[in-house]
Structures are given as structure tokens and as C-alpha cells.
Amino acid sequence: SGPIIVMCGYGGRVTTSCNNMTRSNLLTMICPGIADAVVVKSSGSVNGEAVLEHGTDLIFVNDGTYETAEERAKLDSLGIPYVVIGFDDLESQMEAMLVIGRALNAEDKAQAYVDWCKGVYTDVHEALSGDLGEPPDLYHAINEAVRTDYAGCICDEWITMTGVNDVSLSADLSVDGGKAYTTLEQIYTWDPDLIICNEAGVDDYILSDEKWAGLRCVRDGAVYQIPVGISRMGHPTSTETPLALMWLANLLYPEQYEIDYAQTLKDYYLRFYGFEIDDEMAQAIIQADEMRTEKTTQKVE
């Protein structure tokens, strides 16, 4: 919810936050006050005393935290109004954005953003609606090299909008808490045409580690970093999924979906955040160069 709160003009009034929000270097550049917000939620647990200490008037909480009886009791005991935000697909995510906008009396800004999202999804669908030939086999690494998509997740939804065969969707994966893992052996069985990675550095790891060297896409150099802006674009909780979709559609089918992606980023952040990025920053986003402060070392294999 953090990026939408900033988009709605309330970033400077955020008193407390989760650790993920303050780790976004771009978000703190857009709204420096975010860096001063006290982190009161980490690993799903809210520090209620800290929330009270900082004069919070309204709380946005994700449904996963709310569904935990202990955390729900903690929230109820604070005596502060709270709004539960949850979604499991792109449609309900857009509805959640509108809920945040209404709660902040900024529904017009949230509606404009949702309209833009829907426009991107429609444009990509129309651009790629013709005969594109045999769809490529794609593997998507989420955070870690062996964490991936499962059937019905948000990543499944936006990636398959491009018509690719997301190889992990047909697999019997172990899903726990919305996270699904495979194995390197299984990835060798799939032998995908390309790999896309949403965590900075995982692409370099896959391309350089000898255990992955036998994959056809590694030999061909077809391992790509998804851009990282305010969020890891296309991540299950990202508000920048349309930007991830545009990037992937252009990567796969540049003739059918031709865009100036750097200019698209400039237009996006100026329109919705009033923040002007230059060519250097656009390239840093595209390359995911130091856009997020590290939390822990990622498990890659």
C-alpha cells in the first residue's frame, strides 16, 4: 500500500511502516519523509506500542497479518481505525488500490491509476493478439533462483498475458504461504528458452554459476533482469506490474509491441508521483541497479 499512499499525496504523513516500504530507494527519493517512518512491522508481526507512540490515525494492514488471531487482537486493542488490504489477482489488486484511495479521500488519483493499469493490459493484449508463432518456454525466478510461479498466482496472470508458456505452472510445486519452490533438476527438465529474474543479482548468479551452465538459455545468454523501480516490478505485491508487462512484451515481441521503455518510465513517475527521472535513473531502474536496500542475502540454490 505504501506506493499508493505516496501517489495519493499522503507519503509525508506516514508515521510508521513495514520494513519493505523503507527499503525502496526510489520511493524514499520521491518522498524523503518515508525514510523517517519508524518500522513497526517485520516478518508479519506489528509492534503495537510503537504505532501508538507515533500518533498514528489510520492503519493499513495486509490481510495475511489480519488473519492471524494474535495480530488481529493486537490491532483491535490499539483503538485506531484500520483498513485491511488483500488481493490475489490483478482485478482485486486494482480494487484494493481504490479502497486505499477512498480511505485517503483521494479516490480520483487512485482511479486514474487503475484506469492506466487497465489501459496497459488492454494495449498489450491487442498488440499480441495476432499469430506470434510457437510461444517460448519461460521460467520466472522470484527473489531466489528456485522460487517461482504457481498456477493461479498474480505472476501467472501477467506473464501469460504475453502468450508465453510459463513452465512452472504445470508442475506440482510445494506452495507455502504464497511461495512456491522448484529445484534446479526440474529446471533442467524444463530447459526453458529464457529466464526472467525479479531480484537484482540473481540473473548474474544464474549466468555465472557452473551448476546452471548446461541450460540452453544460459549458454545463449537469455537470462534477463526484470526492472526494479519503487518495487520489484511484477512481484506478487508490486504496484508496478503493468510496467513489468510492458517490459516483457517488448522483450519478447519488439516488432509487435514497440515502445521507448526509458521514456515510458519517465512518463510514469512524472504522471503519478510528480517525480522527474533522468536518463541515468531510467537506466538504473531498467538494470535494477541499487534500487532496493538489501535485507538479507538471498538463497539462490
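1. By salt bridge I mean a side-chain nitrogen of Lys or Arg within 4 Å of a carboxyl oxygen of Asp or Glu. K211 has a relative accessible area of 39%, so it is classed as partly exposed (buried is under 20% relative accessible area, exposed over 50%, partly exposed in between, using a 1.4 Å probe and protein chains only).

2. A word on the basis: this is a predicted model, where local features need pLDDT of at least 70 and side-chain atom pairs count only at pLDDT 80 or more, while totals for chains, interfaces and linings use all residues. Residues are numbered from 1 along each chain as its sequence is written, and side-chain values use heavy atoms, leaving out hydrogens and water.

3. Do look at K266 and D279, whose salt bridge brings the closest N and O atoms to 2.2 Å. This pair links distant parts of the chain, 13 residues apart: K266 belongs to helix α14 (residues 261-273) and D279 to helix α15 (residues 279-286). Helices here are DSSP runs (H or I, at least four residues), numbered from the N terminus.

4. Within helix α6 (residues 69-78), K74 and E71 sit 3 residues apart, about one turn of the helix. Their side chains meet in a salt bridge at 3.2 Å, N to O. K74 counts as partly exposed because its relative accessibility is 22%, whereas E71, at 6%, counts as buried.

5. For the overall tally, searching the whole structure gives 7 salt bridges.

Conventions
Helix = DSSP H or I, 4+ residues; strand = E, 2+ residues; numbered from the N terminus.
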